[in-house]
Amino acid sequence: MYLDFRDRLGIGTLFTTVISMFSRERDSVIYRPALPPSYPLAVRNPYLSIWMPSNQVKALPYAEPQFWAGQSLSWSVMARVDGETYSLMNGKNAGDDTLPAVVSSAEYTSTHSIFTLSAGPVTFTLDFFSPVSPFNHLRQSLPFSYLTVSLSTASSNNIQIYSSIDDRWAGKQENTDRNFQRKDTTAIFSLGVNNSVLYEERNDMATWGEAIFASRSTPTSKLSFASGKCENVRSNFIKTGQLNSDDAWFPEGIVALSHDLGIVTGSQSVRFAVGYVREEAVNYLGTPYTGYYRANYPGTVEAVTYFLDDYQDALQESLKFDLELSTKAKAVAGQKYADIVALSTRQAYGAIDLTIPNDSLDIDDTMAFVKELSSDGNLNTVDVIMPALPIFYVINPDYIRLLLEPMMRYLAAGRWREPYVIHDMGSHYPNATGHDNQQAEPMPIEECGNLMVLALAYVRATGDTNWVAKYQDIIRPYADYLVENGVDIAEQLSSNDAAGPLANETNLAIKAAVGIKAFGQLTGLTEYARIGKERADLFFNQRLGTDRQKTHFVLQYPDKPTSWKIPYNLYPDVLLDLGTFPPEVHQMSSAFFKSVRGEYGVPLDSRQDWAKSDWNMWLAATFDLDTRDEFVEDLWMFMTNGKHNWPFSDRYVATSAKGASPGVPVLCRARPTVGGHFALMALNGPRSLWSTVPSAMELPNTLDEEDFETQREEL
């Protein structure tokens, strides 16, 4: 593994070498394991999703983080060393003397983003840690993230550490208010919008909850706090190292917390928590659902206090998680593939809320809701859950059920009357109110096929046949829809709606065939398995879906021999070992797609110059190893090319053949569909991330320092 976590995260000696402030050129930043487009800082749910664009890292002392949609937010970190104030992140204050620290490295894992800077004789690390804990619903649902500021010095220095956020975190600044509470040694600021409207967004940010900023004193630090005008609060810290003023509150103010460590020799650290709390998190068919954590900690103060108490356990879990993921991914397809999935992890889970009813707080009624980020904001879109399937399959397949359950209840209630599966559970997050007017975006073959595959993947992975048995009578008519409509396909959209509708799209016909076979496997109804196999024979062996020479699947059939589209719907056939299509299909595709690669991979189809990273990884998992590795290389090159600074985009220009600049993203930011990048790992089986699979609601086995160090060194 590429990080010595014991050093970087405060386990054992932080550093053995002090890096002088002037020992590196300012532009000589080391990026480990690679340079991503953007670093996840605090990424837990659709409304706590804060990033640092990679093109700002060299100037991190002055850089402003961004919400996933692109809005800048103030999140400042400063350190005072022997009376001299250094900006570590977003800390410049007009009219005051502050020095920029020198950035030496930027690193990311699946759960941490870590920046190392030098400030005079002291080395600082900023560790932004967003837990990913799919087997621990309490930990996963907490809407907070950690910032740990660690320092190392070889001399004795007088040190104070400061951090603050502004009221842009509340969603809109026109009418904000702040509150402050203390519990024992913990100080908690909250920022909210006065007279807010329930479930209202502005520019994709929630405005009906509260932004949270908290910290607690330690045995070696004295905590102080202040709020008010930015220049006043910061100036107070810069001049005195303390925060002891509390200005009248006006919009555009900040809330700040400061630790006075006194004289430090060696290493120390302080910790902050940042978050966004919504008591009524999601509107499910008129019933408010709240975060799962509120079953244990119904009040914000109690929840924040527990979150800070939980740090060491969460850290140990993250170390194991990062190590398992890096090791397993590298074994599957090399270091570059490990780089890709590590960056994808927080993003995939960071679009999800894990909820329970707000009134009963019944944990037996847990459901997950996912936002379709970066497009129209739909809620629990089936063809967003579908491409993300591999990450859930690899880590905890129960999320498939948790995400499908809201829709299955709605379908079972008979409120959706069309003969095909509904596209989503609401036009815009967080309103999961369905479509009683029957006006959801129509994707008949797409969503019917998706439901068959998702249901079978869940049962195969968990053995939970009771869930499917409960809904079998609901699911079967949608399988019949595929049987009746899966050959002569009317003009309709597929998941890639930006490409427009088509009639007789081959990739949809493949989805129908695989979906029919999946339903047969799911239920034991052999006639469906037979029909699915017959459809595969029609489109491949009888060449209805290929060119005459059978070199590739065409975009449309019949008589479109020069057209093509990546047949990513073959992947579930391989993942679930259905055998709908013969192995020759994958050999054919492996050979063909070598011939249509652009500078950054293969576009979606012959009409486009843009690629979809999730679908390309799905398809790559069906290839021979040589072609598969080319697809991995193409995605890694896009991810690291330095041409863009969005949260990992799953849609980008792959080729210059049509005149566009290759290697730049198109429209899509921070989408959970990057869970599809785990497609290669998923072939190792369900829950294959874990050496020892955790049981539901339990933590992965934690390691003590000696055990962890031993395993790390063995790698």
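Buried area is the accessible area, taken with a 1.4 Å probe, that two parts lose on being put together, summed over both. The model is predicted: local features need pLDDT of at least 70, side-chain atom pairs count only at pLDDT 80 or more, and totals for chains, interfaces and linings use all residues. Residues are numbered from 1 along each chain as its sequence is written, and side-chain values use heavy atoms, with hydrogens and water left out.

**View 1. The interface of domain 1 and domain 2.** About 2,700 Å² is buried between domain 1 and domain 2, with 62% of it on carbon and sulfur atoms. Of the area that domain 1 buries against domain 2, 26% is supplied by P37, W68 and Y284, more than by any other three residues. Domain 1 spans 32-318 and domain 2 spans 366-683; the bounds come from an automatic or database domain assignment. The C-alpha centres of the two domains are 38 Å apart. In contact (heavy atoms within 4.5 Å) are 31 residues of domain 1 and 34 residues of domain 2.

View 2. The side chains of E201 and K371 form a salt bridge with an N to O distance of 2.8 Å. On the side of domain 1 that touches domain 2, β3 (48-53), α2 (137-141) and β19 (282-284) each supply at least two residues. The largest share, 3 residues, comes from β19. Helices (H or I, at least four residues) and strands (E, at least two) are DSSP runs, numbered from the N terminus.

View 3. Strands pair if DSSP finds at least two bridges between them; β3 and β4 are joined by 2 bridges, and I50 has F67 as its bridge partner in β4. Q56 is in the loop between β3 and β4. Beyond its neighbours within four places in sequence, Q56 is in contact with A63, E64 and Q66. The Q56 side chain reaches the backbone nitrogen of E64 at 3.2 Å.

**View 4. The five-stranded sheet that includes β19.** This open sheet of 5 strands runs in the order β22-β21-β20-β19-β23, with mixed pairing. β22 (367-370) and β23 (431-432) are the edge strands, each with a single partner strand, so one side of each is left without a neighbour in the sheet. Strands β20 (residues 287-291) and β21 (residues 352-357) run antiparallel and are joined by 3 bridges. The bridge partner of G291 in β21 is T355.

**View 5. The salt bridge of E200 and K172.** The structure holds 32 salt bridges. In the pair of E200 and K172, the closest N and O atoms are 3.3 Å apart. E200 lies in the loop between β13 (186-193) and β14 (201-202), and K172 in the loop between β11 (144-166) and β12 (176-183), 28 residues apart.

Conventions
Salt bridge = Lys/Arg side-chain N within 4 Å of Asp/Glu carboxyl O. Polar contact = N/O pair within 3.5 Å; in protein donor to acceptor, adjacent residues only side chain to side chain.
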